[in-house]
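Look at the fold below and keep it in view as you read.

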Amino acid sequence: DIDLYFKNIASQAFIENIKNGKVSPPGRQTINGSKALTAEITGNIDGTDVYYKLAIVETKYSFYQILTWTRADRKEKYNADMTKFIESFKELPHPKEELPQPKLNDSVSIVPAW
């Protein structure tokens with residue numbers, strides 16, 4: 001679930017590791033046909049105010065995190081580019097051997113047809 005992934009995995013590290021870290025409520029959008037959540041993160045690292053734009057993209061097989069950042073005083077200068085980077089995401093085709101395989105349980109057996 002993309003909401004659970006965002007809350008418990010993606011955004012949590014920022015809250016714990018950035019001084020005065022604040023994560024905006026995530027916005028929902030579609031990026032190249034996949035569900036996505038995007039949020040802005042602000043805070044301070046080693047005395048420097050920072051601005052992050054985070055996206056979580058859920059595809060059929062994976063979750064992807066896209067993270068862009070800049071110093072907070074450069075947010076306006078780079079915000080449009082950061083959005084373009086995120087919205088250009090496209091998952092490449094997976095080789096068949098990398099795709100999830102069905103899990104067999106005790107009540108299922110495979111019998112050769114020959």
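## Strands side by side

K22 stands opposite T42 in β3. Two strands count as paired if DSSP finds at least two bridges between them. Helices (H or I, at least four residues) and strands (E, at least two) are themselves DSSP runs, numbered from the N terminus. The model is predicted: local features need pLDDT of at least 70, side-chain atom pairs count only at pLDDT 80 or more, and totals for chains, interfaces and linings use all residues. Residues are numbered from 1 along each chain as its sequence is written, and side-chain values use heavy atoms, with hydrogens and water left out.

Strand β2 (residues 27-31) runs antiparallel to β3, and five bridges join them. Here Q29 stands opposite A36. Strand β4 (residues 48-58) also pairs with β3 in the antiparallel sense, over 11 bridges. In that pairing, A39 has L54 of β4 as its bridge partner.

## Hairpins and positive phi

What lies between β2 and β3 in their hairpin? Two residues do, and N32 in the turn has a positive phi of about 50 degrees. β3 and β4 form a hairpin as well, again with two residues between them. Its turn holds D46. This residue has a positive phi of about 50 degrees although it is not a glycine. D46 lies in the loop between β3 and β4. With a relative accessible area of 80%, D46 is exposed. The cut-offs are these: buried means under 20% relative accessible area, exposed over 50%, and partly exposed in between (1.4 Å probe, protein chains only).

N20 is not a glycine either, yet its phi is positive, at about 55 degrees. N20 sits in strand β1. Its relative accessible area is 59%, so N20 is exposed.

## Two buried residues

Is I18 buried or exposed? I18 is buried, because its relative accessible area is 7%. It is found in the loop between α2 (12-17) and β1. Leaving aside neighbours within four places in sequence, I18 is in contact with I41, T42, G43, N44, I45 and Y52. Contact means heavy atoms within 4.5 Å. Take T42 from that list. I18 and T42 are 24 residues apart in sequence, and their C-alpha atoms are 8.3 Å apart in space.

T68 belongs to strand β5 (residues 63-71). It counts as buried because its relative accessibility is 10%. Which residues does T68 touch, not counting those up to four places away in sequence? They are Y51, Y52, K53, M82, F85 and I86.

## Ring pairs

A pair of aromatic rings is described by the distance of the centres and the angle of the planes. Rings of Phe, Tyr and Trp (its six-membered ring) pair if their centres lie within 6.5 Å; planes under 30 degrees apart count as stacked, over 60 as edge-to-face and the rest as tilted. The structure holds three aromatic pairs. One of them joins Y5 and F63, a stacked pair with 4.6 Å centre to centre and 10 degrees between the planes. The pair links distant parts of the chain: Y5 is in helix α1 (residues 2-10) and F63 is in strand β5, 58 residues apart. Y5 is buried at 17% relative accessible area. F63 is partly exposed at 29%.

The rings of Y52 and W69 have centres 6.3 Å apart and planes at 35 degrees, so this pair is tilted. Y52 lies in strand β4 and W69 in strand β5, so the pair ties together parts 17 residues apart in sequence. Y52 counts as buried, at 9% relative accessibility. W69 is exposed, with a relative accessible area of 55%.

## The whole chain

How many helices and strands does the protein have? It has three helices and five strands. From the N terminus on, the order is α-α-β-β-β-β-β-α.

The protein has 114 residues, and 28% of them count as buried. Among contacts with a separation of 6 or more, 40% come from residues 24 or more positions apart.
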